[in-house]
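Let's take a tour of a protein fold, one piece at a time. Have a look at the chain first, then read on.

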Amino acid sequence: MFQCKDLFKLPSLSKMKIIAGNKGLHKIIRWSYKAESIHLAKWVHGGELLIVSKMVIHEKDFNLYNFLKEAISLNISGALLLIGPNYIEQIPQSVINLSNQKHFPLFLIPWDTPLVDIFEELGHAIASINLINDKHKDLLFSIIFNTNLSLDYLKYQSQEVNFPFDGYLQFFEINFLLPQSENAIILNDVDKDTICQFIHTLFENEHIPILSSSYTKNIIALINVNNTSLDTLNTLFPQILNYIKENHPNYIVNIGIGTRQKSLEKYKLSYEQASKCINLAIKQKQKNMIYYYEQLGLYQLFYDINNKTLLENFVHNILYSLMAYDKKYNTNLIQTLEVYLNKNCNLNQTAETLFIHRNTIKYRLQRIEEITNTSLNDAFTRLNFFNAILIKKFLQ
């Protein structure tokens, strides 16, 4: 993906220099926009390189600080200012401070630089990268959905996308949960592209080949892990999580990681496993968690049981009397039981978690035993209750 730092590679921008916002050089540029009005909202979608030339600065109410402040609020990636007589001749310190504070790259270039050359070179560079991104997406979706895919075809494509389709490959998926409210932040393509770029850089620095693509509320990626230790991977996924939390705090994410697979027939299985991890995180209403499929324990069995009626019957046999009691009397016996089991049957910790007096917990546990005609002192009974609660949440 084309980043702000890549502008320095363009011959037409050989005289360009950056004066502020260096920490934002990783931002993605999706296109360029030459400002023709001090009002930007109608004309941009986010991710543009804003070019500030003569036309806009001579508008009556033009104020560079306010103009760039609006650009930042609209998720524009950076600004290129043409400087010289009758153009912008001086950059206020307030503008520099704003750009540094918001990590908004601010570039300067002489006023007589031909803009047509900038537009042409930038357009070609972005189009070339978009073509590569499209190939990444096509390959990933072919692996996931195309049942007639051949290994020869993948190896033919490997040179174009710089990804070796041999040895052990592994899928992972990132799912974005967005707050459900009238003022909820909308997941935008610019943020997803920026996160994808960070992920690529992170894995490439460890010499791990990667393909990635984004769709709806997800990012999917395939990595070649032939020469990668588990310890290395276990450090990379938390870095992704921390990066998103720090740079996009409005987004809640979960990461699901499939198992390593060596054959073309099993690559899709790794993706399905990663997706199952995401589904489990959503069911359990988890936030900012990392799930490895091989660590799901009993949930692996639940997913692999095709006859869900067996699971439903198990829950019914173990929990029906408690569910009926809770519904009839508006109580929370199942919730109390779940917390009690999760706290290793510790009364004090259960009471603290539920903000209820210890004696109330004891009374509820007695009612559970009476209603179900069981004893919580029996290890097998506790195991059945625990598994039934897990399956109940899994089936919801």
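What follows goes through sheets, helices, salt bridges and rings.

## Before we start

This is a predicted model, in which local features need pLDDT of at least 70 and side-chain atom pairs count only at pLDDT 80 or more, while totals for chains, interfaces and linings use all residues. Residues are numbered from 1 along each chain as its sequence is written, and side-chain values use heavy atoms, leaving out hydrogens and water.

Helices (H or I, at least four residues) and strands (E, at least two) are DSSP runs, numbered from the N terminus. Two strands pair if DSSP finds at least two bridges between them.

## The five-stranded sheet

In what order do the strands of the open sheet lie? The order of the five strands is β1-β5-β4-β3-β2, and the pairing is mixed. At the edges sit β1 (17-20) and β2 (31-34), each pairing on one side only. Neighbouring strands here are turned by 30° against each other on average, direction ignored (axes are lines fitted to C-alpha atoms, for helices over the stretch in contact, and angles run from 0 to 180 degrees between N-to-C directions).

Now zoom in on β4 (residues 78-83) and β5 (residues 106-110): they run parallel, joined by five bridges. Ile83 stands opposite Pro110 in β5. Helix α2 (residues 64-73) packs on this sheet and touches β3 (48-52), β4 and β5, where contact means heavy atoms within 4.5 Å. The direction of α2 makes about 165° with that of β3. Helix α3 (residues 93-101) lies across β1 and β5, running at about 90° to β1.

## A covered strand

Next up is β6 (residues 169-177), a mostly covered strand with eight of its nine residues buried. Buried means under 20% relative accessible area, exposed means over 50%, and partly exposed is in between (1.4 Å probe, protein chains only).

Strand β6 is joined by seven bridges to β8 (residues 218-224), and the two run antiparallel. In this pairing Asn175 stands opposite Asn218 in β8. Six bridges join β6 to β9 (residues 252-257), again antiparallel, and there Phe172 stands opposite Ile257.

## Salt bridges

How many salt bridges turn up in a search of the whole structure? The search finds five, a salt bridge being a side-chain nitrogen of Lys or Arg within 4 Å of a carboxyl oxygen of Asp or Glu. One of them joins Asp193 to Arg30, with the closest N and O atoms 2.5 Å apart. This pair links distant parts of the chain, 163 residues apart: Asp193 belongs to helix α6 (residues 189-205), and Arg30 to the loop between β1 and β2. Asp193 counts as buried, at 15% relative accessibility, whereas Arg30 is partly exposed, at 34%.

Lys135 and Glu160 also meet in a salt bridge, at 2.1 Å from N to O. Lys135 is in helix α4 (residues 115-145) and Glu160 in helix α5 (residues 151-161), 25 residues apart. Both ends are partly exposed: Lys135 has a relative accessible area of 27% and Glu160 comes to 39%. Glu370 and Arg367 form a salt bridge too (2.4 Å, N to O). Because these two are three residues apart in helix α13 (residues 358-372), about one helical turn separates them. Glu370 counts as exposed, at 51% relative accessibility.

## Rings and a charge

The count of aromatic pairs comes to 14. Rings of Phe, Tyr and Trp (its six-membered ring) pair if their centres lie within 6.5 Å; planes under 30 degrees apart count as stacked, over 60 as edge-to-face and the rest as tilted. Why is the pair of Phe141 and Tyr215 edge-to-face? The planes of the two rings are at 85°, with centres 5.8 Å apart, so the pair gets that label. Phe141 sits in helix α4 and Tyr215 in strand β7 (residues 210-215), 74 residues apart.

Elsewhere, Tyr325 and Tyr329 make a tilted pair, 4.7 Å centre to centre with 45° between the planes. Both lie in helix α10 (residues 308-329), four residues apart, about one turn of the helix. Finally, ring pairs link Phe172, Phe203, Phe237 and Tyr292 into a cluster.
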